[in-house]
Amino acid sequence: MILKSIVIAMCAFVMSILPAASQNMALVIRHAEKEAVGKDPALTAAGRGTAQDWSKMLMGSGVEIVIHTDARRSRETGKIIASALGVEQAEVPMADIAGLFDLLTFDYEEQNVLIIAHTETIPAILSRLGVQEKVEIAANDYKNLFLVISAANSQGALVKLRLP
């Protein structure tokens with residue numbers, strides 16, 4: 001019984017650190033510009049403009065679902081983009097990267113996804129997508145798009161793009 005529990009725990013640990021390579025294409029952006037105050041700040045006017053710019057840039061990209069966090073700024077960014085693209089949106093808790101990957105694996109396994117996340121979660125998300133390169137995002141930078149294309153060897157190919 002103890003051995004069985006250890007084996008199950010080890011399998012769960014290994015599965016949790018393996019990259020999620022099932023997505024054909026995952027695009028990852030940070031939410032748009034937010035208000036400077038408040039526990040759960042909204043987007044600024046500039047942030048709503050940035051979300052519109054992302055919408056224009058992503059037209060025709062093949063994004064089939066927008067996944068955002070439960071933070072207001074991420075939710076607002078996601079709503080603007082999903083509405084413009086005419087696609088569904090889904091929500092995960094801000095710090096629940098494991099939950100995000102459960103959603104990707106079980107509900108959107110073969111779809112092209114746009115993930116709207118945060119400065120502190122994007123590096124871990126990219127790593128789980130198989131990206132080996134270390135990524136850092138400045139606190140005042142809202143213009144990066146990280147495009148991850150899955151490879152047969154589970155290492156994601158990363159393309160970095162920026163809004164002008």
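Predicted model: local features only at pLDDT ≥ 70, side-chain atom pairs only at ≥ 80, totals over all residues.

**Entry 1**

I began with Met-57, which is partly exposed at a relative accessible area of 33%. Residues are numbered from 1 along each chain as its sequence is written, and side-chain values use heavy atoms, with hydrogens and water left out.

I placed Met-57 in helix H2, residues 45-58. Helices (H or I, at least four residues) and strands (E, at least two) are DSSP runs, numbered from the N terminus. I checked the length of H2: its 14 residues should span 20 Å at 1.5 Å a residue, and its end C-alpha atoms are 20 Å apart, which agrees. The expected span is 1.5 Å times one less than the number of residues.

Which residues of H2 are buried? I listed Gly-47, Thr-50, Ala-51, Trp-54, Ser-55 and Leu-58. Seen down the axis of H2, these fall within an arc of 150°, so they line one face of the helix. The arc is taken from the directions from the helix axis to the C-beta atoms. An α-helix has 3.6 residues a turn, so residues three or four places apart point the same way. On the face turned away from the buried side of H2 I found the exposed residues Ala-45 and Lys-56.

I then looked at what covers the buried residues of H2, and the cover includes strand E1 (25-30), helix H3 (72-85), strand E4 (113-117) and strand E5 (144-149). After H2 comes Gly-60, with a positive phi near 80°.

**Entry 1: the surface patch**

I returned to Met-57, which forms a nonpolar surface patch with Val-159 and Leu-161, with about 200 Å² of accessible area together. Patches take residues with over 30% relative accessible area and no salt bridge; like charges are joined within 9 Å, and nonpolar side chains (Val, Leu, Ile, Met, Phe, Trp, Tyr) within 5 Å. Accessible areas come from the Shrake-Rupley method with a 1.4 Å probe, and for residues only the protein chains shown count as cover.

**Entry 2: Leu-145**

Is Leu-145 buried or exposed? I found Leu-145 buried, with a relative accessible area of 1%, and located in strand E5. Leaving aside neighbours within four places in sequence, Leu-145 has contacts that include Leu-27, Trp-54, Leu-58, Val-159 and Leu-161. Contact means heavy atoms within 4.5 Å. The C-alpha atoms of Leu-145 and Val-159 are separated by 8.2 Å, and the two residues are 14 apart along the chain.

I listed the buried residues of H3 as Arg-73, Ser-74, Thr-77, Gly-78, Ile-80, Ile-81, Ala-82 and Leu-85. Their cover includes E1, H2, strand E2 (65-69), E3 and E4. H3 is followed by Gly-86, whose phi is positive, near 70°.

I looked next at salt bridges, where a side-chain nitrogen of Lys or Arg is within 4 Å of a carboxyl oxygen of Asp or Glu. The count comes to six. Arg-72 pairs with Glu-76, with the closest N and O atoms 3.0 Å apart. Both lie in H3, four residues apart, about one turn of the helix.

Arg-75 pairs with Glu-91 at 2.7 Å between the closest N and O atoms. This pair links distant parts of the chain, with Arg-75 in H3 and Glu-91 in strand E3 (residues 88-92), 16 residues apart.

Glu-133 and Lys-160 also meet in a salt bridge, at 2.6 Å from N to O. Here Glu-133 is in the loop between helix H5 (122-128) and E5, and Lys-160 is in strand E6 (residues 157-162), 27 residues apart.

**Entry 3: the whole chain**

The chain has five helices and six strands, in the order α-β-α-β-α-β-α-β-α-β-β. Of its 164 residues, 45% count as buried.

Methods: Buried < 20%, exposed > 50% of the residue type's maximum accessible area, 1.4 Å probe, protein only.
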